[in-house]
Amino acid sequence: MKTAISKIKTLTLSLSLACASASSWATDKVTFQLDWLPGGDKAPVYVGVQQGFFAAEDLDVTILGGKGSTDAITKVATGTADIGSSDIVALLVAKANDNVPVKAIYSLFSKAPYAFYVLNDSSINSIKDVTGKTIVTSPFTSANVFLPLMLKKNGVDEQSVKVLKADPGALNPMLLTGQSDVMISWMTDAVKNQQQAQQAGKQLTILPWYDAGLEFYSSSIIASDRFLNDKPDVARRFLSAYAKAVAYTWAHPEQSAADVHKMVPEVDAEQASDTIKSIRGLVMNEVSERDGVGVFTPARLAETWKWTAEAQNISLDKLDPETAISRDFY
């Protein structure tokens, strides 16, 4: 009888341990919301899936396409996604105006991606040289918000320039055909813009705004307060894997681009690879070397909010930018 009872106890203990082990090994599902369409600039999350960084952290990550930072913030805030990508400028504005239950938890672009593009045989060699010129831009880009401040900071009279707005697909052709002297576009579009120029027998010069005084954070990883409060361990494991994917992406751009293409076949692998290479400076630069990739420093965050508040005509004291981020998960 004692032997039988002993066997039952042993079996019960074994089953309990097995259940506990199964529970500890259970894969956590995470929904990631992009702030725009898939491409080389979105590579790390795809790399995290394809290279097994998320799997190594017992995470099953689903990736959703996006329609802009505001859309991504809304999807995360409402629970459609747990975590995602967004320009921190959009998050700061959403925090100031609506106190959205979302925080930024990782800085991907420690420099803003906005830039002027000009023909390389033009007389425009710096931001100051756009005085009296025609500038074409998309109606929807967040760069438009900062244009007046960028001009002012570089001594350009805003009234001296003529700003045209056109469909994103028409911007480069307008520059190449002389309908505008300057085009506003992102560094992430550098490869596409240069290729179009080469096909027309021309070359472009890029004037990044971060070289002309626009010093603040941009693309970031965001998460809902509910996700961070309910699943802090999952958030930490996600960022641990994501950080490895970021390092891998810029160490292996061709393979990383192939990873994006494998999951999203309509993304051209060669173009994605070129994009990864061209935006390296937004991720790996003197800021990230000093502070670390992913890190938000109080001083640079405050500067980001200062620019944002002035550009959006929001009172500086309406938001403490520290309430829009969390450093507890990375």
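Is Asp189 buried, partly exposed or exposed? Asp189 is partly exposed, with a relative accessible area of 26% (buried means under 20% relative accessible area, exposed over 50%, partly exposed in between, with a 1.4 Å probe and protein chains only).

1. Basis. This is a predicted model, in which local features need pLDDT of at least 70 and side-chain atom pairs count only at pLDDT 80 or more, while totals for chains, interfaces and linings use all residues. Residues are numbered from 1 along each chain as its sequence is written, and side-chain values use heavy atoms, with hydrogens and water left out.

2. Open sheet. Five strands, in the order S7-S6-S8-S5-S9, make up an open sheet with mixed pairing (strands are DSSP runs of E of at least two residues, helices runs of H or I of at least four, numbered from the N terminus; two strands pair if DSSP finds at least two bridges between them). Strands S7 (162-165) and S9 (204-208) are at the edges with a single partner strand each, so one side of each lacks a neighbour in the sheet. Strands S6 (134-137) and S8 (182-186) are parallel and pair over two bridges; Val136 has Met183 in S8 as its bridge partner.

3. Helices on the sheet. Helix H6 (143-153) lies across S5 (114-119), S6, S7 and S8, at about 75° to S5 (axes are lines fitted to C-alpha atoms, for helices over the stretch in contact, and angles run from 0 to 180 degrees between N-to-C directions; contact means heavy atoms within 4.5 Å). Helix H7 (168-176) also packs on the sheet, touching S5, S6, S7, S8 and S9, and its direction makes about 145° with that of S8.

4. Strands S1 and S2. These strands run parallel and are joined by six bridges. In S2 (59-64), Leu59, Val61 and Ile63 form the covered face, whereas Asp60, Thr62 and Leu64 form the uncovered one. Lys29 stands opposite Asp60, and the two form a salt bridge with closest N and O atoms 3.0 Å apart (a side-chain nitrogen of Lys or Arg within 4 Å of a carboxyl oxygen of Asp or Glu). Lys29 is exposed at 60%; Asp60 is partly exposed at 32%.

5. Other salt bridges. The count comes to 13. Asp28 and Arg237 form one at 2.6 Å between the closest N and O atoms; Asp28 lies in S1 and Arg237 in helix H10 (232-251), so the pair ties together parts 209 residues apart in sequence. Arg237 is buried at 16%. Asp28, Asp233 and Arg237 are linked in a network of salt bridges. Asp189 meets Lys192 at 3.9 Å, N to O.
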